[in-house]
Amino acid sequence: MEADLMGVGRAIAVLTSGGDAQGMNAAVRAIVRVGIHTGARVFLVHEGYQGLVDGGDHIKRATWAGVSMMIQLGGTVIGSARCKDFREREGRMKAALNLVKLGITNLCVIGGDGSLTGANMFKTEWCDLLSDLLKDGKITAEEAKQSKYLNIVGMVGSIDNDFCGTDMTIGTDSALHRIIEVVDAITTTAQSHQRTFILEVMGRHCGYLAMATALACGADWVFIPEMPPEEGWQTHLCRRLSDQRGRGCRLNVIIVAEGAITREGKPITSEEIKTLVTDKLGFDTRTTVLGHVQRGGTPSAFDRILGSRMGVEAVMTLLEAIPDIPASVVSLSGNQAIRLPLMDCVQMTKDVTTAMAERRFDDAIKLRGKSFVNCWNLYKQLAHINPPERKEDAHTFNMAVLNVGAPCAGMNAAVRAAVRMGIIHGNHMFAVHDGFDGLAQGQIEPICWTGVSGWTGKGGSMLGTKRTLPDKRLVEIAANLKKNKIQALVIIGGFEAYVGSLQLIKARERHGELCIPIVVIPATVSNNIPGSDFSIGADTALNTITATCDRIKQSAAGTKRRVFIVETMGGYCGYLATMAGLAAGADDAYIYEEKFTIRDVEMNVVHLIEKMKTDVKRGLILRNENCNSNYSTDFLFNLYSEEGKGTFDCRKNVLGHMQQGGTPTPFDRNFATKMGAKAVQWLNEKLKECYKGGVLFANAPETSCMLGMTKRELTFHPLAGLADETDFEHRIPKTQWWHKICPIVKILAKHHDVRLDTSDHAAIEQIICSKC
């Protein structure tokens with residue numbers, strides 16, 4: 001059956017339960033609108049399970065316009081409440097009766113593991129509950145027959161990211177935004193007064209927020225419940241803080257999860273740490289407990305997109321469900337939406353708690369999953385050890401790091417990680433200023449461990465970057481590589497970095513100095529590099545666009561009957577326009593990859609004219625800067641202004657270079673850190689492979705690679721092999737994963753002629769324990 005007809009004659013209910021999390025409203029909005037798009041009746045259950053038990057006005061039929069202007073709101077608009085009644089069978093009987101009377105046989109629950117466990121229990125008991133309701137005469141035989149099966153799907157909403165089976169839960173990224181904003185603010189005052197700051201973040205049973213924060217800000221120490229510090233940690237901590245001050249650092253940052261414990265299970269409090277540092281070292285120390293600030297505020301672009309994508313997948317999971325199929329949970333793996341058995345994930349989450357209670361801390365870390373393990377190990381490598389003393393031997397190499405192309409947020413975090421990982425491996429690290437120009441002019445200098453301190457939170461490029469390609473200066477570049485004995489290159493940048501690296505490997509035949517391992521790390525707001533689904537800097541740019549669109553929508557809502565045309569960056573790549581359209585709730589996004597004609601523009605105008613007749617009297621159209629040379633932003637503005645006369649007026653905004661600026665988001669900081677560290681680890685392996693008999697010779701295709709995120713993991717792609725996948729004229733990959741998201745933007749904006757792309761929707765997968 002066509003996806004657009006699958007919901008005909010069916011009913012779906014959605015509720016939010018447990019603690020609130022930013023992004024829940026985006027998920028509710030997507031479920032409602034996609035459900036209606038498929039022909040289903042959709043109901044909103046207010047106040048969580050309590051509303052399901054109480055029924056009546058707590059379960060209301062949802063409308064398209066009723067979920068408008070929800071996407072940018074934090075918390076949950078439909079409310080959440082603890083419900084003792086639902087824990088008892090009598091309460092679940094009442095809930096079942098309410099659903100049967102409304103003909104609802106599909107339920108989506110957004111919450112934590114407790115809420116999802118309750119949903120699974122409800123599904124398991126469903127047939128018995130119906131039997132008792134029929135026996136008591138509360139429902140008819142016909143009603144029982146029509147409600148024979150209950151389909152359940154879960155979505156995880158939790159800022160703690162404490163649910164096993166998903167890389168990220170709804171709300172986690174937004175909570176990290178709140179935390180990092182505070183850390184950045186604290187850093188400035190701490191540096192002024194040479195202070196030590198202790199920051200306590202949420203996480204009673206899960207240390208993800210603390211760990212991700214520590215990685216994103218380069219904290220001196222982090223306490224998490226899954227891995228308590230070794231005995232004698234007090235001495236180790238004081239020595240580390242003292243060493244940092246001795247190296248010239250003017251501040252210290254310690255991150256503490258609220259559930260931090262010792263190996264014996266005794267709580268470690270921020271006040272205890274403050275007393276220790278003050279008494280032992282005499283440092284001026286301050287404590288900040290963030291509390292519920294982490295739950296509040298506007299959801300990040302990531303959480304809006306995650307909630308929207310998971311909401312679409314949840315609806316399809318319910319409508320594709322067959323009788324007696326186990327309840328599933330929609331999860332995120334890499335950039336893929338996947339379905340997992342709900343109770344398997346719940347059980348693994350409980351296993352973590354059991355492992356911690358039994359002091360099996362290594363198992364607890366592993367049970368959290370591969371992503372958690374990698375983050376923890378990377379943090380320990382980059383921040384928790386002293387730089388090793390260099391030993392000149394056959395395994396000591398000279399590596400250079402440079403930035404190429406337009407600057408973007410996160411470049412500096414990648415440089416820091418690359419430099420420190422190189423030093424950890426005992427290599428000599430060099431910084432190249434001003435890209436390939438600096439490489440040709442000899443702007444190369446050694447860079448040390450402390451030389452990159454504090455770089456994770458800085459935007460732009462501390463090394464300097466230029467768009468110049470190397471093809472006309474290969475002789476000078478080769479000479480400087482030889483002069484400085486550079487044996488490997490880490491090139492961080494956008495399309496110019498990719499093309500320039502191709503030129504370097506092509507010139508290997510003429511210049512032996514270029515026969516060295518080369519790795520390219522994609523860093524550009526445009527996200528247009530082949531070989532990687534994501535580029536460093538794109539998330540920061542996306543949040544900038546989304547925040548601006550929020551203000552624009554607010555203005556349009558206040559003025560009434562106003563349509564805004566907003567131009568985004570991206571060159572010929574429509575990633576920013578499409579994803580910002582999804583995150584901001586735009587009516588459409590014009591992009592180069594999706595050809596459009598005057599007929600499509602006309603349909604949009606008609607759509608907006610009809611929209612102005614409803615209660616939602618505003619419009620937002622995004623346009624990628626190079627989507628069409630004839631249909632320019634000015635042209636579209638004039639056309640919409642003319643056609644909308646008497647119905648709506650029009651305004652335009654060209655966002656420009658503000659999209660490249662600002663401090664990097666938590667996602668970009670940590671993504672860049674992972675990329676920089678992994679790139680150097682790979683280079684180290686290649687150098688050892690290619691260094692034979694005292695001579696380095698790296699000429700094979702696999703010695704020059706693009707490091708990219710591909711679906712679910714970081715992978716290395718030989719640069720030469722990526723050429724066939726590239727549209728060099730328009731500077732974009734020939735295929736891009738996010739194209740399948742384009743219809744969702746239109747469907748959520750009520751474009752009736754768009755069909756949902758279900759080709760990527762997955763069957764239920766088995767959850768794999770990373771310990772196994």
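**Figure 1. Salt bridge of the buried residue Arg 623 in the predicted model.** In this predicted model, Arg 623 is buried, with a relative accessible area of 3%. Arg 623 pairs with Glu 567 in a salt bridge whose closest N and O atoms are 3.5 Å apart. Because Arg 623 belongs to strand 20 (residues 618-624) and Glu 567 to strand 18 (residues 562-568), the pair ties together parts that are 56 residues apart in sequence. Glu 567 also counts as buried, at 16% relative accessibility.

**Figure 2. Salt bridge between Arg 368 and Glu 226**. The two side chains meet at 2.8 Å, N to O. This pair links distant parts of the chain, 142 residues apart: Arg 368 sits in the loop between helix 12 (361-367) and helix 13 (370-383), and Glu 226 in the loop between strand 7 (221-223) and helix 8 (233-246). Arg 368 is buried at 13% relative accessibility, and Glu 226 is buried at 0%.

Figure 3. Glu 200 is buried yet lacks a salt bridge, the nearest side chain of opposite charge being that of Arg 204, 10 Å away. Its side chain instead makes a polar contact with the side chain of Ser 270 (3.1 Å). Residues touched by Glu 200 include Val 256, Glu 258 and Thr 288.

Figure 4. Strand 5 (151-156), helix 10 (301-320) and strand 10 (328-333) each supply at least two lining residues. Strand 10 gives the most, with three residues. Among the residues lining this cavity are Met 155, Met 168, Leu 306 and Val 330.

Definitions and conventions: Residues are numbered from 1 along each chain as its sequence is written. This is a predicted model: local features need pLDDT of at least 70, side-chain atom pairs count only at pLDDT 80 or more; totals for chains, interfaces and linings use all residues. Side-chain values use heavy atoms; hydrogens and water are left out. Buried means under 20% relative accessible area, exposed over 50%, partly exposed in between (1.4 Å probe, protein chains only). Lys and Arg count as positive and Asp and Glu as negative; His and the chain ends are not counted. A salt bridge is a side-chain nitrogen of Lys or Arg within 4 Å of a carboxyl oxygen of Asp or Glu. A polar contact is a pair of N or O atoms within 3.5 Å; within protein, one must be able to donate a hydrogen and the other to accept it, and residues adjacent in sequence count only if both atoms are side-chain atoms. Contact means heavy atoms within 4.5 Å. On a 1 Å grid over the protein atoms alone, a cavity is a set of points where a 1.4 Å probe fits but cannot get out, and a pocket is an open set with protein on both sides within 12 Å along at least five of seven lines; lining residues have an atom within 4 Å of a point. Helices (H or I, at least four residues) and strands (E, at least two) are DSSP runs, numbered from the N terminus. Lists of a residue's contacts leave out its neighbours within four places in sequence.
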